[in-house]
Amino acid sequence: MKKEVQITVVGRVWNANNANKGKILALNKCLDEYFKAVKFFLRFNSTSKTYLHKNCYEKAKQLFNLNTTLVQTARDKVVEILKSFDERKKGGKAKMETKLKKISIRFNKRCYSFAKTTNVLTPYWLTLSLNRKTRISLPIKFGERQQKTIKDALLGNAILHSRNGKAKRRMVCSFHP
């Protein structure tokens, strides 16, 4: 069995003099569209990715202005939400009704890239594919400790091995506008 190690590094979108206002607006529009897609998939009340894919995926692609990867991650997030709700309900910790108030977008490796450049002011850049037409690059600022974590991960020093020695390294960047 393969194990995967995930490193989460939190940074901020660097926004000197509101230079990235249009990009932040595009990101917020995408978040709103993603939230609607998750609510759409929730209506089907299914914990089966196969069922949701066969019965809802094509309609979701038509309804929402998201790239296909984000439609898929919205579908997968719904399965996780419903399974978590079922577990909490079994333990008596959940209310009988689930109401989604907020959500975070999960960008997987097919719709983002992360790069370190030679730019002194903002050396770290995150490029996101939001929908079929919109791709944005955002300068990301990190603290000293986060920069060390990134450097170690990029050098391969952050690899943790599972018992069978087949761990993978994956870097996930969380950021807040």
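Helix α1 (residues 21-42) and helix α2 pack with their axes 11 Å apart, at an angle of about 150°. Because angles over 145 degrees count as roughly antiparallel, α1 is roughly antiparallel to α2. The crossing of these two helices, α1 and α2, is right-handed. On the α1 side the contact involves Glu33, Phe40 and Phe41, which meet Leu52, Cys56, Tyr57, Lys59, Ala60 and Leu63 of α2. Seven residues of this contact between α1 and α2 are nonpolar and two are charged, with no polar residues. The structure described here is a predicted model.

The packing of α2 against α3 was examined next. Helix α2 comprises residues 49-63 and helix α3 residues 68-90; their axes lie 10 Å apart, and the packing angle is about 140°. This angle makes α2 oblique to α3. Helix α2 passes α3 in a right-handed crossing. From α2, the contact is made by Lys49, Leu52, His53, Tyr57, Ala60 and Lys61, and from α3 by Thr68, Val71, Gln72, Arg75, Asp76, Val78 and Val79. By class, the residues of the contact of α2 with α3 are six nonpolar, three polar and four charged.

The remaining pair consists of α1 and α3. The axes of α1 and α3 cross at roughly 50° and come within 9 Å. Helices α1 and α3 are therefore oblique to each other. Helix α1 passes α3 in a right-handed crossing. The contact is formed by Cys30, Tyr34, Ala37, Val38, Phe41 and Leu42 of α1, together with Leu70, Val71, Thr73, Ala74, Arg75, Lys77, Val78, Ile81 and Leu82 of α3. The residues in this contact of α1 with α3 comprise 12 nonpolar, one polar and two charged.

Individual residues link these contacts.

The N-terminal end of α3 is capped by asparagine 67, a side-chain oxygen of which lies 3.2 Å from the backbone nitrogen of threonine 69.

Conventions:
Residues are numbered from 1 along each chain as its sequence is written. This is a predicted model: local features need pLDDT of at least 70, side-chain atom pairs count only at pLDDT 80 or more; totals for chains, interfaces and linings use all residues. Side-chain values use heavy atoms; hydrogens and water are left out. Axes are lines fitted to C-alpha atoms, for helices over the stretch in contact, and angles run from 0 to 180 degrees between N-to-C directions. Helices (H or I, at least four residues) and strands (E, at least two) are DSSP runs, numbered from the N terminus. Angles under 35 degrees count as roughly parallel, over 145 as roughly antiparallel, 65 to 115 as roughly perpendicular and the rest as oblique. A crossing is left-handed if the near helix is turned anticlockwise from the far one by less than a right angle, and right-handed if clockwise. Contact means heavy atoms within 4.5 Å. Ala, Val, Leu, Ile, Met, Phe, Trp, Tyr, Cys and Pro count as nonpolar, Asp, Glu, Lys and Arg as charged, and the others, Gly among them, as polar. A polar contact is a pair of N or O atoms within 3.5 Å; within protein, one must be able to donate a hydrogen and the other to accept it, and residues adjacent in sequence count only if both atoms are side-chain atoms.
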